[in-house]
There are 2 protein chains.
Amino acid sequence: MQIRTSPISSLLTPRSIALVGASDDVTRIGGRPLRYLREAGYQGAIYPVNPKHQVVQGLKSYNSILDLPESPDVAVLAVPASGTLAAVRDCAERGVKVATIFSAGFAETDESGRAIQAEIAEIAARSGLRLLGPNCLGAFNSRIGYYGTFSAILDGALIEPGPVAVVSQSGAYGSHIAHLARQRGLGISYWVTTGNESDIDVAEALRWVVEQPDVNVVMAYAEGIRDSRTFIEALEIARQRKKAIVLMKVGRSEVGAHAVSSHTAALAGSDAVFDAVFRQFGVWRAKTTAEQLDIAYACARGRYPSSNRLGIFTLSGGFGIQMADDAQEAGLDVAPMPEAAQDELKVMLPYASPRNPVDATAQALTDLPLMTRYMSTMLEKGSYDFFTGIFGAGPASPTFAGKLRDALEAASAASKNTILSLTMSAPRDIVRSYEDKGFLVHEDGTALMTALGALVHFRQSFDRRDSALPVASGKPVSFLTPSLSEHVAKRILAEIGIPFPDEILCTEGEDAGAVASRVGFPVVLKIASPDIAHKTEIGGVVVGVKDEQEARAAAAAILERAGKAQPAAKIDGILVAPMIGEGLEVIAGVARDPVFGPVVMFGLGGIFVEVLKDVTFRVAPFGVEEATRMIRDIRGRSMFDGVRGKAPTDIGPLAQLLSSLSVFAATNADTIESIDLNPIRLLEDGARPVALDALIVPRISRT
Amino acid sequence: MQIRTSPISSLLTPRSIALVGASDDVTRIGGRPLRYLREAGYQGAIYPVNPKHQVVQGLKSYNSILDLPESPDVAVLAVPASGTLAAVRDCAERGVKVATIFSAGFAETDESGRAIQAEIAEIAARSGLRLLGPNCLGAFNSRIGYYGTFSAILDGALIEPGPVAVVSQSGAYGSHIAHLARQRGLGISYWVTTGNESDIDVAEALRWVVEQPDVNVVMAYAEGIRDSRTFIEALEIARQRKKAIVLMKVGRSEVGAHAVSSHTAALAGSDAVFDAVFRQFGVWRAKTTAEQLDIAYACARGRYPSSNRLGIFTLSGGFGIQMADDAQEAGLDVAPMPEAAQDELKVMLPYASPRNPVDATAQALTDLPLMTRYMSTMLEKGSYDFFTGIFGAGPASPTFAGKLRDALEAASAASKNTILSLTMSAPRDIVRSYEDKGFLVHEDGTALMTALGALVHFRQSFDRRDSALPVASGKPVSFLTPSLSEHVAKRILAEIGIPFPDEILCTEGEDAGAVASRVGFPVVLKIASPDIAHKTEIGGVVVGVKDEQEARAAAAAILERAGKAQPAAKIDGILVAPMIGEGLEVIAGVARDPVFGPVVMFGLGGIFVEVLKDVTFRVAPFGVEEATRMIRDIRGRSMFDGVRGKAPTDIGPLAQLLSSLSVFAATNADTIESIDLNPIRLLEDGARPVALDALIVPRISRT
């Protein structure tokens with residue numbers, strides 16, 4: 001095992017371990033890790049620390065960490081909350097690299113617990129000691145037999161190494177999913193639970209595991225994310241290295257979010273922003289624990305399809321229909337067999353339906369060599385990336401299971417590139433014998449289709465070429481005032497390429513009529529003031545102004561109304577804008593997410609945003625391709641395809657606008673609170689976007 | 001067992017059975033049913049029929065059905081397709097009540113198969129013989145040990161009787177779900193597979209099983225519905241008798257629908273209409289087979305909650321959050337404990353989170369009597385209809401399982417009315433011991449929440465008081481022409497109470513100016529012709545007409561344009577309508593569904609219908625309460641709550657309109673093809689609906 005230099009690699013590949021609070025009782029928290037380490041044949045040094053014993057579980061015991069003959073890579077602290085502070089001090093003094101703190105009773109409980117946790121974290125930080133926990137179940141690396149955990153799921157049996165890693169904030173969840181994975185025959189090489197995350201968090205653990213060459217898929221669990229930069233980095237590394245991340249993010253409901261805040265000290269960002277991040281970086285957000293496991297199972301082999309074409313083989317029409325429904329729901333293409341191949345199949349089995357789903361009827365079971373030929377033809381001629389056979393409880397019979405397996409194995413020789421899968425309900429050893437022949441085996445067809453759909457999702461995500469994140473660029477804008485008037489905001493945003501109407505600010509003393517004439521009639525007049533955010537409400541906007549005289553009258557009226565409504569407002573003048581042609585209206589904006597920083601929002605205007613809340617987010621910055629995907633996210637996306645007889649809209653310029661906005665937002669992350677471009681009109685002559693209004697709220701306003 | 005007089009009761013409660021094609025080989029189609037009947041100790045007469053044997057499986061065998069000593073209630077035909085016609089003839093002659101036909105090779109294969117099936121059906125109909133199948137797996141009634149099936153799932157063990165019934169078009173699906181139910185410990189009393197449905201169909205079988213007092217829940221599977229009237233009757237009987245129906249309807253995707261039509265001869269109605277029927281009559285449409293089973297499991301006890309309040313007990317915060325998320329998704333209310341009760345819990349366990357989810361932390365496990373008191377308090381003070389405890393893999397240990405069970409049982413005494421449930425991963429016998437104490441036990445929390453949500457759904461459905469279907473009433477309208485002009489359609493619909501503007505038809509020779517003056521300016525002028533459906537396209541509509549002179553000019557222009565565009569059109573005159581005030585626009589219509597007949601559609605106008613396809617359906621006729629639920633179905637429903645500062649809309653008058661339209665549609669089911677009311681404007685002064693346009697297409701037009 002190569003020892004890596006990543007800051008937390010010591011946690012997962014330690015050469016020596018101290019167990020503080022080591023116990024002879026193998027059912028106790030201080031006894032279990034020692035038992036597991038010895039059962040697993042861990043080859044590094046193990047140092048029990050317990051001043052009350054000379055020997056623990058047959059190993060020499062030490063009085064204190066300070067007495068150890070070397071500085072261990074990991075110290076596992078199986079001591080109560082009250083003894084933790086002293087133990088951490090000792091670890092820091094002895095030069096321990098990572099301390100794992102099991103005990104609860106810190107930041108998750110009350111004010112004094114928070115204070116002690118902060119003190120512990122500070123001691124560790126000063127000395128370079130890394131901390132896992134407190135209030136966690138520790139970590140393991142089954143490849144080297146290292147078990148720095150007291151998780152009870154290991155009581156019966158240890159975990160086999162394999163292509164799966166688990167990173168979980170919750171120890172209980174991490175244990176549960178590992179238990180389920182083991183039941184499913186999935187090996188787990190690396191397992192980390194982070195608990196209160198006083199130091200090492202889910203993001204850092206995730207970044208470490210996705211860098212391991214032997215990991216194909218990570219099952220992660222998070223209530224919130226502390227270090228969003230590392231988290232995003234981990235996601236992007238995973239994507240580039242083709243590691244699938246299947247993540248359970250809880251706290252999406254109001255009640256759940258309340259429970260999150262009472263349970264941990266995590267900052268739970270808005271759930272919609274989490275969804276956006278997951279979409280942006282190709283993470284699969286599992287809806288259920290069962291789904292998380294099903295998808296990890298399918299990803300464990302690290303094989304992904306080149307397209308979404310699925311061939312379904314069934315002995316019962318009903319099951320075929322149900323599978324086809326589920327396949328379509330999962331985004332798979334149940335493409336029909338070529339006509340000529342259908343004719344071939346028809347000759348072999350006249351009663352069959354050879355289209356796809358290919359229904360060979362129960363008769364196929366009476367002649368397995370025929371079934372083999374039948375399926376071979378399907379695989380050879382169908383050009384399917386996925387093959388699924390539906391077999392129900394039939395293979396539960398061991399004699400039949402063997403014959404069917406041989407028939408399927410023979411047929412599978414017809415296509416080496418097809419990802420083969422089956423649904424069946426059979427004992428684990430029979431299922432395993434099919435898995436060994438290369439078949440993914442699920443009990444439930446819907447679950448299988450969801451998993452295959454996830455393989456397509458990951459392939460598309462891994463293949464994306466616009467991987468390099470655009471960087472924040474240019475000099476940040478500095479703001480001296482807590483608010484900006486519309487024309488100043490527009491001038492700033494025009495510099496980064498946001499298109500606005502050709503407006504002119506008519507300042508005090510200038511003739512509004514003459515200015516309007518220069519703009520070209522008809523025009524719109526708007527009050528220009530950094531202090532008046534809601535211009536329409538105070539009568540500060542007049543539209544459809546047709547000539548110079550009307551313009552002068554309108555300007556006077558606006559100034560009078562503004563003076564009455566907000567006498568203290570600083571008035572820059574009157575903004576005179578040309579009337580803009582018809583077109584679809586959209587909105588874009590920037591907001592600060594407490595976890596992920598500046599995020600860009602996009603939506604269609606009008607009822608889409610007001611009634612349907614049909615908006616989507618991305619973390620800034622992002623490129624034009626991501627912006628294009630973002631635009632296609634919204635439910636009302638068919639508005640761009642041309643409705644009511646209108647021509648389709650080219651979304652390219654809009655995508656460019658969103659990407660530019662995102663780069664600007666990232667560049668000015670520290671100085672801008674929010675931006676609104678509402679509405680942006682997509683002019684019908686060429687879909688050129690024009691932002692009719694702009695609002696920038698500097699961060700200075702909040703300090 | 002009481003013998004009922006329902007036409008198919010003989011199929012499910014036969015006193016005597018003939019098995020045609022009876023075999024000594026118990027692995028063959030002709031041998032299995034006999035073996036199952038004998039193993040189950042069926043008490044009625046069993047008559048093997050096989051001319052080649054004198055004795056089959058120890059029973060006297062007969063040469064022919066005609067030779068039997070009595071007319072059996074059921075004849076099970078285990079003969080090839082080629083011998084079926086003759087066997088059915090014999091059954092008809094011998095006075096058999098129901099014949100079950102296993103063989104495939106009929107309407108599902110080709111034209112000649114369809115012809116033979118039709119001939120068989122005709123012979124049966126003439127003689128009063130009822131048919132199950134062909135191409136089915138038969139039926140069973142485990143209460144009386146009657147197994148008229150060759151399903152291989154019975155090879156290992158028969159099925160225990162219980163509160164579940166299965167009705168499935170597909171034999172394979174019916175077998176699979178029965179197998180899964182047995183694994184889950186659910187008993188099935190009645191099981192029917194209907195195959196090609198040459199006579200007995202899913203609807204009739206469903207109606208029979210929901211009338212059985214010992215059935216609490218039905219798991220059904222259908223690709224299409226043949227007899228929609230009986231189907232709806234069955235659903236309504238089920239609702240009134242508090243029998244839950246959990247239905248898998250396949251063929252929702254395009255591919256699936258294609259497979260349906262190639263697999264069976266069923267008429268697959270539009271999937272959206274199926275959804276509407278299920279909503280209307282309280283059926284739960286299962287999204288997956290696993291969900292179907294989970295919900296049937298929860299419904300099997302026939303206990304439903306009085307509200308949706310759920311208390312969650314957990315030892316791990318993370319699981320509690322996840323459960324709370326899932327609960328909210330399922331429509332459950334994770335209501336907080338009363339403050340005083342929270343204080344009580346806090347005293348018992350200072351580290352716990354007593355709000356809800358109630359997190360007692362892993363510490364609770366160290367003191368089970370305390371945990372009992374803790375949960376008792378939760379149950380007593382929380383007023384929860386549901387209680388869920390999250391226990392993971394803990395109870396997999398038999399010693400711990402017993403102690404925990406005792407603790408839970410003691411706590412459960414605190415509330416007799418709460419529906420108790422647990423999540424755990426443990427061997428079947430341990431799970432069973434918890435079920436015996438009254439707990440619903442699921443492995444997966446998401447699945448459990450969905451199931452509890454379904455219990456709330458069924459309770460609401462069972463409690464609906466507007467159960468009596470409004471009947472089609474009044475004399476049907478007879479149409480002599482294939483098309484109707486707008487004003488005629490409006491006159492007909494005005495009679496059933498649909499509100500229209502006060503319009504006047506200006507006929508030839510009348511002065512359009514004078515008529516417009518009587519209507520009151522401003523007015524709208526529209527061409528009135530049964531032959532011109534798209535008035536706007538030909539320039540047949542002029543709006544905003546302000547005086548008599550304008551009215552005359554507009555009328556002349558309209559007539560001229562109509563004459564040019566459609567010279568052959570019959571012109572009734574010009575319809576003069578008042579301009580109508582502002583308001584939200586909705587649409588309503590009637591269409592004929594191939595399965596369910598007239599259905600009413602409702603939606604919001606504009607982009608809601610054009611872009612978002614945000615419409616909903618109901619089968620006609622229905623009452624005002626159902627219409628209210630229908631209006632609330634649409635995604636854009638918040639438009640009625642008042643957006644952009646507008647007052648909320650009273651949807652009562654609109655619901656009345658939809659109900660009236662549905663009664664009219666049902667009354668004229670044979671004479672009307674479709675109706676459009678588009679748009680209907682909900683005037684802002686009181687939300688009075690006014691239909692601005694009306695179109696009726698008589699059925700005569702299609703003949």
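The model is a predicted one, in which local features need pLDDT of at least 70 and side-chain atom pairs count only at pLDDT 80 or more, while totals for chains, interfaces and linings use all residues; side-chain values rest on heavy atoms, with hydrogens and water left out. Residues are numbered from 1 along each chain as its sequence is written, and chains are lettered from A in the order in which they are written.

The same surface serves both copies, as 100% of the contact residues of chain A recur in chain B.

Next comes strand 1 of chain B. Helices (H or I, at least four residues) and strands (E, at least two) are DSSP runs, numbered from the N terminus. Buried means under 20% relative accessible area, exposed over 50%, and partly exposed in between (1.4 Å probe, protein chains only). Strand 1 (residues 16–20) of chain B is largely enclosed by the rest of the structure, because 5 of its 5 residues are buried. In a regular strand the side chains alternate between the two faces of the sheet. In strand 1 of chain B, Ser16(B), Ala18(B) and Val20(B) on one side are buried, and so are Ile17(B) and Leu19(B) on the other.

Two strands pair if DSSP finds at least two bridges between them. Strand 1 of chain B pairs in the parallel sense with strand 2 (residues 45–49) of chain B over 5 bridges, and Ala18(B) stands opposite Tyr47(B). Strand 1 of chain B also pairs in the parallel sense with strand 5 (residues 74–77) of chain B, over 4 bridges; there Leu19(B) faces Val76(B).

Elsewhere in chain B, an open sheet of 7 strands has the order 9-8-11-10-12-13-14, with mixed pairing. Strand 9 (146–149) and strand 14 (284–285) of chain B stand at the edges, each with a single partner strand, so one side of each is left without a neighbour in the sheet. Strand 8 (residues 138–141) of chain B and strand 9 of chain B pair in the antiparallel sense over 4 bridges, with Ala139(B) opposite Gly148(B).

Some backbone details complete the picture. A cis peptide bond, with omega about -5°, joins Phe521(A) and Pro522(A). Pro522(A) lies in the loop between helix 18 (512–519) and strand 21 (523–528) of chain A. Glu197(B), although not a glycine, has a positive phi of about 55°, and Glu197(B) is buried, with a relative accessible area of 4%.

Definitions and conventions
Contact = heavy atoms within 4.5 Å.
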